[in-house]
Amino acid sequence: MLQVPFIRENKDLVISRLAIRNIDATSMIEEVISLDETRRALQTNLDAVLAESNTISKEIGILFKSGQAEKANALKAKTSDLKEDSKDLNEQLNTATEALNQLLYTIPNIPHSSVPKGNSEDDNEEVYKEGDVPKLFEGALPHWELAKKYDIIDFELGNKITGAGFPVYKGKGARLQRALIAYFLDKNTAAGYEEVQVPHLVNEASALATGQLPDKDGQMYHATNVNPSLYLIPTGEVPATNIFRNDLIDEKDLPKSLTTYTPCFRVEAGSYGAHVRGLNRLHQFDKVEILRVEHPDNSYKALDGMVDHVKDILKELNLPYRILRLCGGDTGFTAALTYDFEVFSTAQDRWLEISSVSNFETFQANRLKLRVKDKDGKKQLAHTLNGSSLALPRVLAGILENYQTEDGIKIPEVLVPYTGFEFIN
């Protein structure tokens with residue numbers, strides 16, 4: 001959530017940066033400033049009434065002690081009027097504050113100055129590419145056909161148990177999935193990320209704090225048969241980041257670096273067509289996350305480090321990949337800058353997104369009330385960052401398709417110690 005003082009002091013900048021997202025925010029920003037002026041005026045009036053009421057209460061006490069009961073009783077009538085005034089002003093203040101917050105919840109983060117203008121994924125900037133696309137043999141198959149041929153992922157069985165988008169991993173497919181999770185976690189912990197296991201359901205406050213609510217409400221599975229209701233997590237970022245909600249962290253204790261493995265649940269409403277076949281888009285999938293809490297001065301250096309870390313994983317898997325800087329129209333609601341990693345699927349002849357690495361700057365921290373204290377005791381909002389390292393379904397799809405041979409599927413060398421086998425046939 002954007003900070004109101006920042007909006008007031010940088011109104012034109014906020015409007016111009018939100019235009020990179022193709023949003024005409026002029027009226028929204030003007031309304032924010034107007035509501036804030038109303039809120040501040042009500043707060044000033046309320047403070048004045050409370051101060052006057054406090055002064056009179058002290059004066060009443062002095063009058064009673066000095067035997068001037070008649071004057072004291074006369075003033076008590078005035079304090080009753082002031083209490084009514086303060087009650088009315090407090091209600092108006094709460095209404096104005098709530099209206100301001102509800103409006104702020106609908107305004108996305110302002111993009112970093114490096115974010116290009118654009119409408120969709122077609123306008124994203126390729127900033128890096130590495131790895132050779134393998135030349136497959138004639139008759140090479142997409143991963144959903146390989147999964148059926150070698151009986152390692154059963155999409156129909158998942159449909160029987162739950163519905164479309166809930167695959168069942170079997171035999172060597174399940175072991176390869178488990179191997180990837182262990183490998184990713186080992187890479188992350190070796191890089192200094194502390195592993196945590198977190199709940200797979202979160203409350204409304206947690207979903208609001210990281211920006212999933214209200215923006216992604218329709219994309220989250222919602223458990224309403226409990227009170228308060230809970231949400232199935234769309235990513236491990238949500239519970240892991242909320243570990244730091246309402247925290248004040250000494251700058252000498254930064255960065256805070258965590259990694260977590262979780263299943264993820266997404267409704268993916270409106271997703272259909274050839275590009276969502278097989279593992280390309282699921283309602284339940286596994287993901288290993290990395291996240292950092294940083295001092296604002298260090299967050300973009302940390303972002304570069306996270307990008308390099310994901311690069312290193314993909315080099316070891318020996319998969320052809322590229323990195324995109326997302327344009328304004330494709331950047332997520334909470335992010336200031338996002339880099340997407342994509343693996344090339346040779347059998348599908350297309351790029352598959354397998355990771356997003358983002359700097360949210362203070363946007364999440366403002367909702368989280370997550371602050372940093374420097375050596376002089378000065379407090380400011382922290383910066384939060386998050387990245388997938390990695391989302392498993394499309395990584396698995398890339399491995400199955402790019403490593404296929406006429407005799408079966410080779411296992412990337414780095415994964416063999418985790419799988420215990422070198423080949424699926």
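The dialogue below goes through helix packing, salt bridges and strand pairing in a predicted model.

Reader: What should I keep in mind about the numbering and the confidence limits of this predicted model?

Author: Residues are numbered from 1 along each chain as its sequence is written, and side-chain values use heavy atoms, with hydrogens and water left out. Because the model is predicted, local features need pLDDT of at least 70 and side-chain atom pairs count only at pLDDT 80 or more, whereas totals for chains, interfaces and linings use all residues.

Reader: At what angle do helix α2 and α3 pack, and how far apart are their axes?

Author: Two packed helices are described by the angle between their axes and the distance between the axes. Axes here are lines fitted to C-alpha atoms, for helices over the stretch in contact, with angles from 0 to 180 degrees between N-to-C directions; helices (H or I, at least four residues) and strands (E, at least two) are DSSP runs, numbered from the N terminus. Helix α2 (residues 11-19) packs with α3 at an angle of about 145°, the axes being 10 Å apart.

Reader: Which residues of α2 and α3 meet?

Author: With contact taken as heavy atoms within 4.5 Å, Lys11, Val14 and Ile15 in α2 meet Thr26, Ile29, Glu30 and Ile33 in α3. The residues of this contact divide into 4 nonpolar, 1 polar and 2 charged, where Ala, Val, Leu, Ile, Met, Phe, Trp, Tyr, Cys and Pro count as nonpolar, Asp, Glu, Lys and Arg as charged, and the others, Gly among them, as polar.

Reader: How many salt bridges does the structure hold, and which side chain meets that of Arg8 in one?

Author: A salt bridge is a side-chain nitrogen of Lys or Arg within 4 Å of a carboxyl oxygen of Asp or Glu, and the structure holds 18 of them. In one, the side chains of Arg8 and Asp36 meet at 3.2 Å, N to O; this pair links distant parts of the chain, with Arg8 in helix α1 (residues 4-9) and Asp36 in helix α3 (residues 26-65), 28 residues apart.

Reader: Where in the chain do Asp308 and Lys311 lie?

Author: Both lie in helix α10 (residues 299-317), 3 residues apart, about one turn of the helix, and they form a salt bridge whose closest N and O atoms are 3.9 Å apart. Asp308 counts as partly exposed at 45% relative accessibility, while Lys311 counts as buried at 16%.

Reader: What is the order of the strands in the open sheet of 3 strands?

Author: Two strands pair if DSSP finds at least two bridges between them. The order is β5-β7-β6, with antiparallel pairing; β5 (201-203) and β6 (222-223) stand at the edges with a single partner strand each, so one side of each is left without a neighbour in the sheet. Between β5 and β7 (residues 230-232) there are 3 bridges, and Val202 has Tyr231 in β7 as its bridge partner.

Reader: Which residue takes a positive phi in the hairpin of β12 and β13?

Author: Asp349 does, near 55°, in a hairpin with 4 residues between the strands. Strands β12 (residues 337-345) and β13 (residues 350-361) pair in the antiparallel sense over 9 bridges, and Arg350 in β13 is the bridge partner of Ser345.

Methods
Buried < 20%, exposed > 50% of the residue type's maximum accessible area, 1.4 Å probe, protein only.
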